[in-house]
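Me: I have a structure open here and would like to talk it through with you. Could you start with the terms we need before we get to the details?

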Amino acid sequence: MIHLYYVVVLVVRPRAGGYQLLLARRAEGKYMGGTWQLISGGLKSDETAWEGALREMREETGLTPSGFYRLSTLASFYRPDNDSLNTAPMFCAFVDENAIVTLNPEHSEFEWVDLDAAQSRLMWPNDRQALAEVRDILLGGGSTREYLRI
């Protein structure tokens, strides 16, 4: 059975003639503690995926986007603990250059990483594919950009 319980958000800001991606280190004692991750989380039963993505971003980082987009890339993964196949929609949130990150207890630290360096720091193939989509379509002036805006 396929479940839709999760969402993933790539948070991007302009910086010094380029762009940076926000990575957050999962707190020790949390699922995948100590690893650097994109912003992600579970959906509530009464919200859409995009609403959940915005909520998770605000809860985990304190940030509000200046632009928000859906991506065509989906994160898919199997969880053996509950024997579920999960499909997580992915989103991109642009924030202002000087936006202040305020982490919640799920994370111990954060880092803004230039997009070139971020590609090699992302753990999962779907995350790297989503970053490529952000670069090619959202930042590269692709004609589909406006159709992806939420």
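Reply: A nonpolar core here is a set of buried Ala, Val, Leu, Ile, Met, Phe, Trp, Tyr and Cys residues joined through side-chain atoms within 4.5 Å. Please keep in mind throughout that this is a predicted model.

Me: OK, how many residues has the largest nonpolar core, and which have the most contacts inside it?

Reply: The largest nonpolar core has 24 residues, and those with the most contacts inside it are Leu 10, Leu 21, Leu 38, Leu 71, Met 90 and Leu 138. At least two residues of this core are supplied by each of E2, E3, E6, E7, helix H2 (115–121) and helix H3 (125–138). Apart from this core lies another one of 18 residues, among them Leu 22, Leu 43, Ala 49 and Leu 63. As a general point, nonpolar side chains in soluble globular proteins tend to be buried together.

Me: What is Leu 38 in contact with, leaving aside its neighbours within four places in sequence?

Reply: With those neighbours left aside, Leu 38 is in contact with Val 8, Val 9, Leu 10, Leu 21, Leu 22, Leu 23, Met 90, Leu 122 and Asp 127.

Me: And Val 8, buried or exposed?

Reply: Val 8 has its place in strand E2 and counts as buried, because its relative accessibility is 10%, while the cut-off for buried is under 20%. Not counting residues up to four places away in sequence, Val 8 touches Leu 38, Ile 39, Ser 40, Ala 75, Ala 88, Pro 89, Met 90, Phe 91 and Asp 127.

Me: Switching to H1: what span should its 13 residues give, and what do its end C-alpha atoms show?

Reply: Helix H1 covers residues 49–61, and at 1.5 Å a residue its 13 residues should span 18 Å, which agrees with the 18 Å between its end C-alpha atoms. Just after H1, Gly 62 takes a positive phi of about 75°.

Me: Which residues of H1 are buried, and what do they pack against?

Reply: The buried residues of H1 are Ala 49, Gly 52, Ala 53, Leu 54, Arg 55, Glu 56, Met 57, Glu 60 and Thr 61. They pack against strands E2 (6–15), E3 (18–26), E5 (39–42), E6 (67–79), E7 (84–94) and E8 (107–114). Gly 52, for instance, counts as buried because its relative accessibility is 0%, and, leaving aside neighbours within four places in sequence, Gly 52 is in contact with Val 7, Leu 43 and Glu 47. The C-alpha atoms of Gly 52 and Val 7 are separated by 7.0 Å, although the two are 45 residues apart along the chain.

Me: What volume does the largest pocket have, and which residues are closest to its centre?

Reply: The largest pocket has a volume of about 610 Å³, and of the 24 residues that line it, Tyr 31, Met 32, Gln 37, Ser 40 and Phe 77 are the closest to its centre. The lining divides into 12 nonpolar, 6 polar and 6 charged residues. E2, E5, H1, E6 and H3 each supply at least two residues of this lining, and the largest share, 5 residues, comes from E6.

Me: Last one, what is phi of Ala 16 near?

Reply: Phi of Ala 16 is near 45°, a positive value in a residue other than glycine, whereas most residues other than glycine have a negative phi. Ala 16 is found in the loop between E2 and E3 and, at 79% relative accessibility, counts as exposed.

Key: Residues are numbered from 1 along each chain as its sequence is written. This is a predicted model: local features need pLDDT of at least 70, side-chain atom pairs count only at pLDDT 80 or more; totals for chains, interfaces and linings use all residues. Side-chain values use heavy atoms; hydrogens and water are left out. Helices (H or I, at least four residues) and strands (E, at least two) are DSSP runs, numbered from the N terminus. The expected span of a helix is 1.5 Å times one less than its number of residues. Buried means under 20% relative accessible area, exposed over 50%, partly exposed in between (1.4 Å probe, protein chains only). Contact means heavy atoms within 4.5 Å. On a 1 Å grid over the protein atoms alone, a cavity is a set of points where a 1.4 Å probe fits but cannot get out, and a pocket is an open set with protein on both sides within 12 Å along at least five of seven lines; lining residues have an atom within 4 Å of a point. Grid points are joined across faces, edges and corners, and a volume is the space filled by probe spheres set on the points. Ala, Val, Leu, Ile, Met, Phe, Trp, Tyr, Cys and Pro count as nonpolar, Asp, Glu, Lys and Arg as charged, and the others, Gly among them, as polar.
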